[in-house]
Amino acid sequence: MHIGKPSKTWDSSFTAQQHVVKTFTKLVELLPATEQNKPQIALLAGEVTPFRNDTDREMPFRQESNFFYLSGCRVPASYLLVAFQNGTSLANQPSSHLFIPKAELADIMWSVPPPSLEEASAAHDVTRVDHPAALPDAIQELIKAFPGAIVHTLPSTSQFPTIPSQYTAPFLAGNVHVTQDYLLTALHRARLIKDAEEVALIRRANEISSRAHEVVMRVLGQGVRGLVQRGKGAGTERPLLPGEWLIQKEPEAEALFVASCRREGAEHQAYLPIVAASTRASTLHYCCNDREFAWGPVHPHDHQNRNDLAHDHERVLNPQVLLIDAGCEWKCYAADITRTMPVGNGGKFTPEAKAIYELVLEMQRLSFEALKPGLHWDAIQFLCHRTLVRGFQKLGIFKSPNSPNSGSWNSEEAILASGISAAFFPHGVGHSLGMDVHDVPSASKPERNDTIKGIPLGHESFYTYLRLRLPLEEGMVVTVEPGCYFSPHLLAPVRDSKHIDQEVLKRYESVGGVRIEDVVLITKDGYENLTTVRSDTEWVEKVCSGEI
């Protein structure tokens with residue numbers, strides 16, 4: 001077996017046993033009453049090192065989230081066998097048997113070997129550690145020790161690592177009840193509420209990511225002030241050094257963000273960074289990140305310049321926004337932060353961009369003020385739509401009852417009932433966050449949801465893409481990410497709307513999009529913001545203009 005593990009990833013002090021108890025407690029609650037006191041066994045496979053198609057070249061390895069939650073193990077190609085039973089000592093101290101690959105000489109030549117059994121036993125919060133060769137016998141021992149046990153696995157889909165048949169065969173041969181119906185749901189429900197250790201990891205990921213966002217802003221500001229000086233031969237006789245880099249393209253901003261995270265030890269980005277300049281900021285999950293900023297003005301015959309405008313000659317950046325939605329992971333726990341910053345115009349927002357930015361900031365501020373346990377997340381979504389409608393009426397994008405040739409059909413309530421604000425704010429205001437950036441989907445937006453009753457607030461389209469539809473609870477970690485976008489595709493169906501002043505709208509369409517996103521922990525009395533990079537207009541403009 002070629003392990004292909006790129007780095008030492010077993011220095012974990014993760015308290016996995018607490019997560020095992022929490023998960024199986026949730027699992028037992030899902031079982032029929034007649035099966036709740038039976039022995040429960042779970043078998044999980046860890047992720048294996050992926051390879052590029054038709055090659056032997058490793059791709060980045062990242063442990064499967066549920067496996068890490070129960071084991072704290074980030075060693076590729078590992079397995080976990082857990083036994084639990086209500087009403088016995090196993091209810092408080094489950095048996096957790098971890099199986100990690102044995103180091104082979106051929107693997108050691110190519111890559112860092114997995115830990116020894118002694119190293120793994122010392123580093124992981126499990127009962128016992130062995131090599132996978134011992135797994136079949138361990139399964140047989142559990143079958144004999146716990147007759148009538150129910151065996152739980154994750155669903156047999158491409159979303160989860162496959163358990164080889166050699167490990168499931170003993171269960172089938174012994175006529176043991178094996179089910180995929182409960183374990184994933186139990187894991188998602190357990191993971192929805194974070195413990196102090198998980199919050200600490202999320203906090204670290206957010207601190208690193210916050211600094212990376214600020215690094216990009218400050219390098220933009222240095223460029224405005226002409227403080228990025230290039231030494232002799234830079235870009236001609238020798239490559240540019242990091243201190244000589246300017247940010248003039250989306251990929252340059254992305255590279256700087258990722259480099260800042262890696263310098264602080266973050267191995268992975270929690271998701272593909274979104275780095276969208278100009279009107280491309282209207283695409284919600286724009287991950288191309290391959291375009292230059294918008295330059296101008298463009299003069300006649302500029303097509304004959306042989307790409308001269310794309311290189312270091314005197315140019316003027318068009319005023320535009322740069323939207324960066326990016327966050328790293330720290331030991332499998334995510335950050336998810338969005339900042340929208342001004343580019344061109346001396347590092348200041350245009351009047352139109354500033355108006356939209358401050359409207360989105362107001363949407364987020366009012367959301368923060370409302371956060372507390374017991375409040376249904378739908379109410380935050382509706383609050384953002386109401387705030388957007390009010391803001392658009394003040395700006396004149398949406399008509400008001402006192403607009404020329406208008407009436408009550410353009411009241412705030414009427415516009416909300418029409419759902420037209422979803423053309424400008426189409427996504428959810430936030431989602432659960434943990435090991436996965438869009439964390440525990442089956443728990444945060446359950447198919448059967450008794451917390452949603454009656455007619456939805458406003459319009460049903462407000463909730464189509466809302467990934468969290470529950471009352472808030474202490475210990476939840478969620479994002480708060482309102483936005484406002486001027487997407488040609490989303491605006492096409494509302495071009496003839498009686499609620500919109502199309503002439504006013506045209507003035508704002510070049511803004512593209514604005515999103516502001518922070519990660520917050522729901523506390524007993526409200527919330528704690530885990531994101532540390534500032535977003536107030538004055539600070540953002542001063543940093544991006546190089547004033548501070």
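Analyst: Helices and strands here are DSSP runs, numbered from the N terminus; a helix needs at least four residues and a strand at least two. The model is a predicted one. With those terms, D336 is placed in the loop between β12 (333–334) and β13 (337–343).

User: What makes D336 a residue without a salt bridge?

Analyst: A salt bridge requires a side-chain nitrogen of Lys or Arg within 4 Å of a carboxyl oxygen of Asp or Glu. The nearest side chain of opposite charge to D336 is R515, at 6.9 Å, and D336 is buried without a salt bridge.

User: Which side chains form polar contacts with D336?

Analyst: The cut-off for a polar contact is 3.5 Å. The side chain of D336 joins that of Y271 at 2.8 Å and that of H431 at 3.0 Å. Beyond its neighbours within four places in sequence, D336 is in contact with residues including N206, D325, T479 and E517.

User: How do you know that the span of helix α11 agrees with its number of residues?

Analyst: The expected span is 1.5 Å times one less than the number of residues. For the 19 residues of α11 (residues 377–395) this gives 27 Å, and the end C-alpha atoms are 27 Å apart, so the two agree. Just after α11, G396 takes a positive phi of about 90°.

User: Why is α11 called largely enclosed?

Analyst: Because 14 of its 19 residues are buried, α11 is largely enclosed by the rest of the structure. T387 lies in this helix. Its relative accessible area is 9%, and buried means under 20%, so T387 counts as buried. The side chain of T387 reaches the backbone oxygen of L383 at 2.8 Å. Leaving out residues up to four places away in sequence, T387 touches L359, E362, M363 and L366.

User: How many aromatic pairs does the structure hold, and why is the pair F24 and F84 called stacked?

Analyst: There are 10 aromatic pairs. Ring centres must lie within 6.5 Å to pair, and planes under 30 degrees apart count as stacked. The centres of F24 and F84 are 5.2 Å apart with planes at 20°, so this pair is stacked. F24 lies in helix α1 (residues 16–30) and F84 in strand β2 (residues 79–84), so the pair ties together parts 60 residues apart in sequence. Both F24 and F84 are buried.

User: What makes the pair F392 and F398 edge-to-face?

Analyst: Planes over 60 degrees apart count as edge-to-face. The planes of F392 and F398 stand at 70°, with ring centres 5.0 Å apart, so the pair is edge-to-face. F392 is buried at 0% relative accessibility, and F398 is buried at 1%. Ring pairs link F392, F398, F424 and F486 into a cluster.

User: How do you know that R469 and D378 form a salt bridge?

Analyst: The limit is 4 Å, and the closest N and O atoms of R469 and D378 are 2.6 Å apart. R469 lies in the loop between α13 (441–444) and β14 (477–480) and D378 in helix α11, so the pair ties together parts 91 residues apart in sequence. Both R469 and D378 are buried.

User: Why is D130 called buried and R128 partly exposed?

Analyst: D130 has 14% relative accessibility, so it counts as buried. R128 has a relative accessible area of 46% and is therefore partly exposed. The side chains of D130 and R128 meet in a salt bridge at 3.0 Å, N to O.

Definitions and conventions
Residues are numbered from 1 along each chain as its sequence is written. This is a predicted model: local features need pLDDT of at least 70, side-chain atom pairs count only at pLDDT 80 or more; totals for chains, interfaces and linings use all residues. Side-chain values use heavy atoms; hydrogens and water are left out. Buried means under 20% relative accessible area, exposed over 50%, partly exposed in between (1.4 Å probe, protein chains only). Lys and Arg count as positive and Asp and Glu as negative; His and the chain ends are not counted. A polar contact is a pair of N or O atoms within 3.5 Å; within protein, one must be able to donate a hydrogen and the other to accept it, and residues adjacent in sequence count only if both atoms are side-chain atoms. Contact means heavy atoms within 4.5 Å. Rings of Phe, Tyr and Trp (its six-membered ring) pair if their centres lie within 6.5 Å; planes under 30 degrees apart count as stacked, over 60 as edge-to-face and the rest as tilted.
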